[in-house]
Amino acid sequence: MKIIALGIESTAHTFGVGIIDSKGIVRASINNVYIPEVGGLHPVQVREHHMNNFKEIILKALRSAHISLNQIDLIAFSQSPGLGPVLKIGALIARTLSQLYDIPIVGVNHCIAHVEIGRLMCKVDDPLTLYVSGGNTIVSAFESGRYQIFGETLDLPIGNMLDSFARDAGLTHPGGPKIEQLALNSKNYLPLPYVVKGMDLSFSGLYTATKHLIMAEEFNKKYNLEDIAYSLQETAFAMLTEVTERALAHTKKEEVLLTGGVAANKRLQEMIEYISMEHDAKFHVVPLKYAGDNGVMIAWTGILQYQARGGDELDQTIIKPKERMDNIPIPWRSE
Ligand code: ATP
Ligand code: FE2
């Protein structure tokens with residue numbers, strides 16, 4: 001039987017509402033992104049922003065799908081991981097809708113949702129996934145019933161690091177695309193800290209080094225911002241590529257999936273595509289619309305979860321800000 005799910009994404013900047021059916025047909029995808037005027041992400045401000053906008057986003061999604069809430073068979077929401085105050089908004093709205101309209105509810109892990117929407121949109125079965133965004137840097141693949149984590153950042157997530165550097169350099173948020181543009185104009189590599197520990201990554205030393213380069217005497221004399229942007233990308237992306245390649249050699253997966261907001265970067269795509277080819281694996285980038293945070297990925301993963309093990313009881317819908325994707329059994333997939 002076909003079911004229709006409404007998914008609510010609310011882990012960070014994005015309040016997203018997606019509607020999709022169990023055949024994988026997207027009915028609506030409305031995402032509203034909070035962009036801070038200055039500085040980083042303040043949970044309380046994000047929460048207020050989502051609080052002020054959720055009703056309009058939900059109504060827009062329903063209108064765009066030409067359906068009413070009564071026709072929704074499942075409510076899914078991002079339950080983990082993320083900022084506590086922000087996750088709470090999504091959970092509260094999902095629970096309220098579920099209770100008022102008597103619709104089953106499921107809580108979904110945001111990182112797993114990135115992988116599942118990637119599998120659907122790119123038509124891949126069993127990929128090794130590099131998920132790179134403002135809040136996450138994870139190399140993951142399905143093994144022993146779970147999405148195991150083969151490598152991850154030990155400190156700053158890649159997108160957050162790029163955005164912080166961009167802010168220090170006086171560029172506006174989000175910094176990633178601006179750094180990509182600047183980097184195109186340089187081939188002058190400045191040596192920077194390259195830190196891979198085992199299978200994990202550390203970006204904080206790299207970030208500090210680029211900050212020093214901006215503040216140094218020689219800035220705009222011996223090198224410029226384009227050179228730093230180029231060197232930063234080459235170093236950070238080579239680190240990501242090394243870990244992804246080693247995970248690929250270990251897992252022997254035949255497909256590679258690149259997702260998250262940073263997946264939009266052409267240079268990163270090029271590097272990951274290259275190592276995929278070297279290992280005879282097919283390379284896929286999740287389309288931009290579904291690579292960044294969105295409600296559809298939550299709705300789709302909600303359907304998979306609901307079909308495999310039913311809805312959640314209300315007391316199972318408590319948010320889990322720190323829950324890791326490798327902690328969660330994946331009953332909808334077999335070895
Ligand atoms: P998450 O909650 O999954 O961590 P997020 O809130 O960071 O996600 P996304 O849309 O997945 O949201 O990612 C945004 C990040 O992607 C920002 O750090 C931004 O700078 C980065 N980004 C976007 N485009 C590019 C690009 N072309 N090159 C590098 N980074 C990019
Ligand atoms: Fe995300």
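How far apart do the C-alpha centres of domain 1 and domain 2 lie?

**View 1. The two domains of the predicted model.** The C-alpha centres of domain 1 and domain 2 lie 27 Å apart. Domain 1 comprises 4-115 + 290-327, and domain 2 comprises 126-287; such bounds come from an automatic or database domain assignment. In this predicted model, local features need pLDDT of at least 70 and side-chain atom pairs count only at pLDDT 80 or more, while totals for chains, interfaces and linings use all residues. Residues are numbered from 1 along each chain as its sequence is written, chains are lettered from A and ligands numbered from 1 in the order in which they are written, and side-chain values use heavy atoms, with hydrogens and water left out.

**View 2. The area buried between the domains.** Domain 1 and domain 2 bury about 1500 Å² between them, 62% of it on carbon and sulfur atoms. Buried area is the accessible area (1.4 Å probe) that two parts lose on being put together, summed over both. In domain 1, the residues that lose the most area to domain 2 are Val115, Ala291 and Met325, together 34% of what that side buries.

View 3. The rule finds 1 salt bridge across the interface of domain 1 and domain 2, a salt bridge being a side-chain nitrogen of Lys or Arg within 4 Å of a carboxyl oxygen of Asp or Glu. Glu152 and Arg324 form a salt bridge, with their closest N and O atoms 3.0 Å apart.
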